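Here is a short briefing to read with the model open beside you. Take the topics in any order you like.

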2 protein chains.
Amino acid sequence: MSKKFVYLFSEGNGTMRELLGGKGANLAEMTRLGMPVPMGFTITTEACTDYYDSGKKISDEIQKEIFQYLEKLESITGKEFGNPENPLLLSVRSGARASMPGMMDTILNLGLNDEVVEGLGKLTNNRRFALDAYRRFIQMFSDVVMGIPKSLFDEALENLKTVRGIEYDHEMSPADLESLVASYKSIYKKEIGEDFPADPSKQLLNAVKAVFSSWMNTRAVYYRRMNDIPSSWGTAVNVQSMVFGNMGNDCGTGVAFTRNPSTGENKLYGEFLMNAQGEDVVAGIRTPQSIDELAKVIPEAYNQIIQIAKTLEKHNQDMQDLEFTIEKGKLYMLQTRNGKRTAQAAIKIAVDMVNQGLCTKEEALLKVEPSQLDSLLHPQFEPTALAAATAITKGLPASPGAAAGRVYFNAEDAREAATKRNEPVILVRVETSPEDIEGMAISKGILTARGGMTSHAAVVARGMGRCCVSGCHDLRVDMDNKIAYFNNRTVKEGDFISIDGSTGKVYLEKLPTIEATLSGDFATFMQWADEIRTLSVRTNADNPKDARQARLFGAEGIGLCRTEHMFFEAKRILAMRQMILAKSKTDRVIALNKLLPMQQEDFEGIFREMDGLPVTIRFLDPPLHEFVPHGDDEIAVTAYEMGMSFTELKNAVKHLEEANPMLGHRGCRLAISYPEIAQMQTKAVIQAAITVRHEGKNVVPEIMIPLVCDSAELKFVKNIVDTTAKQVMEQYGEEIEYKVGAMVEIPRAALMIDVISKYADFFSFGTNDLTQTTYGLSRDDAGQILDDYYKNRIFESDPTAKLDQAGVGKLIKMACGWAKEAKPHVKLGVCGEHGGDPASIQFFQTAGMQYVSCSPFRVPIARLAAAQAKIRVDAAEK
Amino acid sequence: MSKKFVYLFSEGNGTMRELLGGKGANLAEMTRLGMPVPMGFTITTEACTDYYDSGKKISDEIQKEIFQYLEKLESITGKEFGNPENPLLLSVRSGARASMPGMMDTILNLGLNDEVVEGLGKLTNNRRFALDAYRRFIQMFSDVVMGIPKSLFDEALENLKTVRGIEYDHEMSPADLESLVASYKSIYKKEIGEDFPADPSKQLLNAVKAVFSSWMNTRAVYYRRMNDIPSSWGTAVNVQSMVFGNMGNDCGTGVAFTRNPSTGENKLYGEFLMNAQGEDVVAGIRTPQSIDELAKVIPEAYNQIIQIAKTLEKHNQDMQDLEFTIEKGKLYMLQTRNGKRTAQAAIKIAVDMVNQGLCTKEEALLKVEPSQLDSLLHPQFEPTALAAATAITKGLPASPGAAAGRVYFNAEDAREAATKRNEPVILVRVETSPEDIEGMAISKGILTARGGMTSHAAVVARGMGRCCVSGCHDLRVDMDNKIAYFNNRTVKEGDFISIDGSTGKVYLEKLPTIEATLSGDFATFMQWADEIRTLSVRTNADNPKDARQARLFGAEGIGLCRTEHMFFEAKRILAMRQMILAKSKTDRVIALNKLLPMQQEDFEGIFREMDGLPVTIRFLDPPLHEFVPHGDDEIAVTAYEMGMSFTELKNAVKHLEEANPMLGHRGCRLAISYPEIAQMQTKAVIQAAITVRHEGKNVVPEIMIPLVCDSAELKFVKNIVDTTAKQVMEQYGEEIEYKVGAMVEIPRAALMIDVISKYADFFSFGTNDLTQTTYGLSRDDAGQILDDYYKNRIFESDPTAKLDQAGVGKLIKMACGWAKEAKPHVKLGVCGEHGGDPASIQFFQTAGMQYVSCSPFRVPIARLAAAQAKIRVDAAEK
């Protein structure tokens with residue numbers, strides 16, 4: 001039997017996400033539950049895959065099936081596609097397996113042409129409505145399907161309004177709309193070189209194609225890369241009979257959340273617009289009314305929505321995001337999905353739902369996206385400064401958190417400022433659109449003049465955990481001159497402003513920020529996570545402040561303390577340089593002796609903070625040339641400080657240069673060439689441990705040797721450590737228990753881990769470097785390469801940012817197995833960027849690691865991700 | 001039961017090499033065969049291991065066992081150690097599992113002291129002999145055991161001779177010797193601060209310790225690194241009762257080979273000295289007589305040697321190298337071992353022995369060390385030039401082959417000239433010693449003033465396959481002023497000379513050399529190798545000349561044709577630079593179109609030479625900055641040539657710089673950024689194939705994509721290749737069959753090989769780069785690191801030179817398995833340095849590769865190594 005590519009809504013159900021996409025499966029499920037869904041059918045994700053496999057063609061077989069289902073739809077609705085007497089009009093919408101808001105494209109009112117529009121006018125007795133639908137359709141089709149710039153249509157509309165001296169769209173007469181349709185059609189002809197397609201079947205096929213194609217547009221690819229969605233999934237297409245919220249004052253359209261998506265409050269929340277089509281709400285062009293108002297306007301519909309919301313939330317065991325349209329007083333449900341929410345709301349909803357008996361703790365834990373917690377941990381404004389500050393204006397509190405930054409008016413300028421000049425950026429826009437996503441991602445906050453709480457800017461910012469103020473009516477933006485006007489105050493590009501996404505307030509100054517305080521629900525929720533997870537979470541911290549912060553966030557130790565960061569401080573760098581440029585072992589030891597007390601002090605501070613928890617100290621790692629001056633000016637100054645001649649120092653610096661520093665003299669290779677460095681570091685660790693233990697604290701030092709690739713290396717350095725530690729302990733007459741382990745950050749360490757384990761108490765996988773050597777790709781040089789790779793769709797994400805489970809992961813998994821076989825109780829962990837990445841954490845759980853280590857602010861994220869990993873792995877094993 | 005650490009010669013046998021070392025096992029075997037071997041015992045290699053494991057101490061247990069066996073030896077010989085009345089004297093010699101000539105140390109006459117020497121004098125009625133033995137012992141013990149410079153003793157001897165006005169050692173009277181002994185003892189006391197040890201037991205233990213310690217001396221470590229001998233093997237110690245070749249004129253000592261080690265002629269060959277100790281022959285201080293002469297001097301002993309030689313050769317199925325001593329007319333055998341021989345001799349002996357029915361073809365193939373073949377393939381002097389040239393003198397033809405080079409007088413200067421200035425070097429010495437080994441290894445040839453065919457210089461040079469002329473009596477060397485005198489002609493450091501190791505002739509000019517012609521035996525022998533081996537041998541060749549040479553040497557195709565080498569030629573580099581610096585795709589295509597005909601011509605030449613054999617062409621690989629000028633001067637010239645400003649070009653060059661070029665924009669990454677490069681190269685391959693096929697030749701192109709790490713990369717580039725090839729073939733109306741494959745040279749390619757195999761007809765392992773990324777160690781930066789690693793005994797060899805089977809090999813083996821599982825008929829091969837290394841070839845055989853590829857001159861070596869690998873793998877499987 002040949003494959004089925006099309007399903008009526010009444011043929012599917014909510015479990016068929018993979019085949020029907022999220023939207024299609026939910027429409028089918030609502031239909032199954034007897035809810036008022038306009039009938040339609042879904043073209044499957046497999047049809048999308050087939051489209052790409054066939055060189056971007058919809059096969060004859062699939063075309064045939066689509067038109068068979070169109071006939072079924074005609075017979076169900078009693079209307080006929082393209083028949084002016086009783087026309088069936090369609091909406092065509094994408095729907096991937098995972099929700100991708102604003103990424104994919106929608107076409108409404110499809111099936112209209114010059115004849116059908118007149119028929120529709122007669123049938124509805126509303127020619128104005130029919131013409132308005134037609135001009136909207138032409139514009140949407142031209143933009144979305146044919147790629148004609150939307151601005152051309154906006155200009156034509158504005159021209160008309162200026163000529164006719166009118167302000168609002170709804171003031172246009174049928175004659176105005178007729179002339180607008182004519183203008184739109186001539187724009188189409190001019191741009192495409194053909195007449196606008198009058199054949200509804202052609203319209204439909206092109207629209208379906210456009211949805212399929214949009215799966216590979218730049219924005220969609222970028223969103224998937226950010227959200228880890230494989231491009232092989234493809235998108236489904238939902239073809240649904242149209243209902244109209246803009247047929248008159250007994251019509252309307254809106255969106256609703258079953259709970260408040262900002263706070264989590266358990267109360268229906270949403271917005272609607274009377275006499276409008278759905279796009280008007282989402283695009284934020286008119287500011288909508290609160291859903292509560294609907295109870296007054298059309299109470300039957302409101303009550304029905306309340307009922308449906310309850311049913312769907314209970315049925316789907318999660319907060320729902322609904323879209324509805326009311327056509328002549330009758331309610332239609334156009335969509336339901338699990339609603340996006342702020343981290344704060346997500347946690348409150350999860351805790352509430354467990355308390356209400358709506359789900360288990362495990363289910364609740366899976367409802368919160370770990371990376372979202374980020375926003376809870378981000379700074380708020382410092383209260384005193386905030387009290388003293390006066391807000392210039394107030395918009396909608398669209399996504400919580402506070403940010404201060406320099407104003408930029410488009411995504412490109414914002415990116416330039418953030419990436420090249422490392423500036424904090426506030427992106428200021430009239431309204432945002434999918435083109436802005438990258439710019440939003442690199443900004444600290446987003447401020448828009450238009451759009452509600454469900455506008456593009458608000459939805460996307462909440463998803464990203466970025467603070468956002470939307471619908472700021474006092475704001476006018478002059479894009480051309482890059483100036484913002486707040487009433488009579490002006491803000492130029494690069495000026496500082498501050499915005500508070502939790503209050504909606506805007507300040508024309510740079511307000512200081514402080515750390516977040518976490519709610520009681522947060523504590524409850526994280527406690528559930530801690531009860532369930534088996535993976536320990538440590539932090540990467542190089543100083544007492546970070547250590548304290550991480551411990552506050554629940555870190556169970558330090559997994560990576562980089563000792564070299566301590567040497568870059570102004571006071572220390574000179575001694576470090578003397579050590580590096582020493583001409584003899586004696587000179588080197590003299591310089592190291594200067595560094596010893598500083599290093600010891602660092603360790604003491606960290607040991608104090610981590611009382612009772614393990615602290616993994618990585619010995620000196622980077623190539624020595626990183627510590628020496630490079631420019632002639634800096635060399636001259638340093639030479640003077642060090643009592644060397646310019647030439648002498650310049651030659652010494654030159655001598656340290658390497659062809660490939662990443663593959664050069666660094667890591668344990670330094671300790672092998674200069675054992676006295678490892679001796680000094682061991683002394684500092686053991687002496688610090690003795691000092692801090694005298695203060696009544698419990699110290700658990702773990703010494704980690706970097707860049708090991710052979711057991712003989714670890715044996716050699718461990719011998720230095722053990723010998724030195726013994727000497728120090730004998731000198732002080734004290735015993736300190738410590739461990740010695742190795743980083744696994746080059747492929748050979750993973751391959752030889754069974755042999756190396758003879759000398760290692762633990763292994764920590766340095767997945768950043770391991771990825772670079774496994775790929776033969778240096779992060780420093782990856783820029784142009786990756787750009788070309790994304791462009792050619794060879795890579796979908798940066799392997800140095802997101803763990804490559806297929807390749808690097810294969811090596812890690814094998815290594816974990818070999819290590820445990822050789823030494824069953826050896827401790828295995830991960831440090832580096834990937835240690836705080838939820839998807840990677842799940843992988844590390846299955847690989848059998850005991851801990852991950854990440855930056856302090858990622859610790860709560862890792863704790864939740866570890867709990868989710870445990871739940872998912874357990875579920876998979878059942 | 002505790003381990004046995006000591007064996008009498010009568011307790012062991014020839015199969016116990018691992019435990020007793022080669023020398024010990026052979027002495028035991030000769031004893032077992034009833035041959036006249038002075039009795040002794042062997043302290044095992046396990047005792048050596050125990051010595052190092054115990055922190056360089058001989059355990060009490062082992063000491064006790066040694067003295068137990070000493071007692072047994074006393075009772076067998078009827079002599080007593082340290083008893084002046086009837087003293088047992090001992091030789092103490094090292095003996096590792098593999099022969100390490102000149103590397104380890106020997107002590108003779110051990111057991112002498114002031115009392116015993118007088119007893120020995122009385123007993124032998126030859127006080128002069130006894131004193132001579134004593135002074136030799138003191139010197140040897142001081143030098144070998146205590147590390148006192150030998151020169152101090154030589155000076156004392158020379159002083160005495162000057163004072164006494166005598167020329168030769170044997171002219172010294174007993175009184176002279178007595179005073180010499182006194183001087184030697186005072187040197188000892190001055191250097192060590194203690195009296196020379198009179199206690200024979202202490203002498204013995206210190207000597208054993210010295211042998212164990214010598215296992216780790218720099219020369220031994222270097223020799224092992226060169227010959228792939230693991231340091232974990234350890235050495236055994238042979239303690240043997242002394243016999244004396246220097247008791248008078250019915251005494252003598254010598255060495256003999258059962259066949260001629262230079263030519264392979266089946267006739268006893270050797271040298272002896274009457275009234276001498278063994279060291280006199282080996283050190284080459286006196287020039288010895290031919291073994292044939294012995295028939296006249298002591299015919300009984302001569303006949304007995306002939307008989308023993310035959311027996312041992314048949315018994316050991318190989319040519320033997322014998323040491324013997326005649327004491328008062330009675331023959332003693334001191335050693336037998338498989339003899340070192342020239343490649344020419346090795347092949348003749350192997351072929352002869354098969355013809356004589358002494359061994360099978362397989363056994364014969366195992367008798368020749370593949371790397372030795374090198375010397376057969378090296379240049380000889382051009383005959384016309386040779387005929388016109390006049391030799392200035394003639395020495396002994398110690399190791400065949402011819403060489404011209406600049407004269408240097410010590411190993412350091414030689415190394416400096418060879419490695420830093422890339423000069424061809426002839427090392428000229430009075431005689432060589434183990435300190436010279438490294439200098440010999442980097443020289444083209446060795447010339448010595450003293451020493452016979454079995455001198456250190458001769459033996460080592462033959463082992464290395466270096467040409468060598470020894471015992472050149474007309475040569476006088478002034479080491480201080482670095483001048484050589486050939487009669488009245490002088491040669492200064494850096495002057496050219498030419499030497500012929502097959503004739504012994506020396507020329508004071510630079511003679512041109514030509515390729516070797518290979519003997520009929522060679523052809524027979526290599527044919528046997530080809531019959532047996534299953535691993536195919538290809539060559540790395542970038543031009544028709546190399547391809548032709550390799551085919552002559554038996555290459556079965558080209559495994560690696562590096563296309564970039566072609567672009568460095570003066571005529572082409574400009575077009576290449578235009579391509580690299582092109583500002584647009586159009587400019588780049590214009591430059592590539594200039595390169596196309598040149599590249600096509602290259603391929604045509606190679607295809608012609610390789611008619612009928614596969615040619616693997618690797619697409620452009622190195623980072624582009626390798627092709628652009630770097631110094632300011634060169635940039636200025638190039639800028640002028642290219643019509644650019646200096647600043648513009650300098651900036652462009654700067655832009656190409658990378659932090660880690662090894663991990664940067666190279667390999668297939670170039671083809672992905674600039675598909676037009678791969679298009680041009682494909683065009684060149686296919687058009688060349690069409691052209692050459694028209695000439696009636698059979699062309700088998702294989703296109704190899706470098707630096708692949710992901711299947712999507714190969715898919716992308718293969719698509720370019722296939723599309724372009726199709727266009728060219730359609731244009732010419734011809735079909736060319738070609739393959740597309742990937743290099744496996746970064747770890748991820750190995751890890752993902754099963755997935756990549758979907759798009760690959762073949763894989764070629766680039767083990768050089770694979771080693772660098774697997775180790776995270778760049779060959780360019782490894783210098784100081786490796787020096788420190790050798791010094792600290794962390795690495796024993798350079799992993800970028802010798803395949804690391806444990807780590808990189810593990811990855812390769814797994815990858816081969818995965819590749820075959822995913823695609824059973826995929827072709828697997830190796831290109832790069834390791835492809836010509838015999839030890840690595842054995843590994844590649846077991847890993848399941850189908851071919852190796854190496855430089856043309858390594859092809860015969862690889863063929864033999866492949867045959868040996870097959871024989872050994874088959875044997876191991878039985």
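A residue is called buried when its relative accessible area is under 20%, exposed when it is over 50%, and partly exposed in between. A:R341 has a relative accessibility of 7%, so this arginine counts as buried. Please keep in mind that this is a predicted model.

- A:R341 sits in the loop between strand 10 (330–338) and helix 13 (343–355) of chain A.
- Its side chain is joined to the side chain of A:D318 by a polar contact of 2.9 Å.
- A polar atom of the A:R341 side chain also lies 2.8 Å from the backbone oxygen of A:G339.

**Two buried residues in chain B**
- B:T393 belongs to strand 14 (residues 393–394) of chain B, and its relative accessible area of 6% makes it buried.
- The side chains of B:T393 and B:D474 make a polar contact of 2.8 Å.
- Not counting residues up to four places away in sequence, B:T393 touches B:C472, B:D474, B:F486, B:G504, B:K505 and B:V506.
- B:P36 lies in the loop between helix 1 (17–32) and strand 2 (40–43) of chain B, and is buried with a relative accessible area of 16%.
- The C-alpha atoms of B:P36 and B:K330 are 9.1 Å apart, although 294 residues separate the two along the chain.
- Leaving aside neighbours within four places in sequence, the contacts of B:P36 include B:K330, B:L331 and B:Y332.

- Helix 25 (residues 646–656) of chain A has the buried residues A:L649, A:V653 and A:L656.
- These residues cover an arc of only 60 degrees around the axis, so they lie on the same side of helix 25 of chain A.
- The face turned away from that buried side carries the exposed residues A:T647, A:K654 and A:H655.

**Where chain B meets chain A**
- Each chain takes part in the contact, with 46 residues from chain B and 46 residues from chain A.
- Between them the chains bury about 4100 Å², 60% of it on carbon and sulfur atoms.
- There are 26 residue pairs in polar contact across this interface (both at pLDDT 80 or more).
- On the chain B side, the elements giving two or more residues include helix 28 (711–732), helix 32 (782–791) and helix 33 (808–822).
- The residues on that side divide into 24 nonpolar, 11 polar and 11 charged.
- Four salt bridges are counted between chain B and chain A.
- In one salt bridge, the side chains of B:D804 and A:R748 meet at 2.7 Å, N to O.

**Salt bridges**
- Over all chains, the structure holds 111 salt bridges.
- A:D754 and B:K810 meet in a salt bridge at 3.9 Å, N to O, and this pair crosses from helix 30 (residues 753–756) of chain A to helix 33 of chain B.
- A:D754 is partly exposed at 29% relative accessible area, and B:K810 is partly exposed at 21%.
- B:R127 and B:E178 form a salt bridge with their closest N and O atoms 3.0 Å apart, linking helix 5 (residues 127–145) and helix 7 (residues 174–192) of chain B.
- B:D722 and B:K718 pair at 3.3 Å, N to O, in a salt bridge; they are four residues apart in helix 28 of chain B, which means about one helical turn separates them.
- A network of salt bridges links A:D132, A:R135, A:R136, A:E158, A:K161 and A:D169.

Conventions: Residues are numbered from 1 along each chain as its sequence is written. Chains are lettered from A and ligands numbered from 1 in the order in which they are written. This is a predicted model: local features need pLDDT of at least 70, side-chain atom pairs count only at pLDDT 80 or more; totals for chains, interfaces and linings use all residues. Side-chain values use heavy atoms; hydrogens and water are left out. Buried means under 20% relative accessible area, exposed over 50%, partly exposed in between (1.4 Å probe, protein chains only). The arc is that of the directions from the helix axis to the C-beta atoms. Contact means heavy atoms within 4.5 Å. Buried area is the accessible area (1.4 Å probe) that two parts lose on being put together, summed over both. A polar contact is a pair of N or O atoms within 3.5 Å; within protein, one must be able to donate a hydrogen and the other to accept it, and residues adjacent in sequence count only if both atoms are side-chain atoms. Ala, Val, Leu, Ile, Met, Phe, Trp, Tyr, Cys and Pro count as nonpolar, Asp, Glu, Lys and Arg as charged, and the others, Gly among them, as polar.
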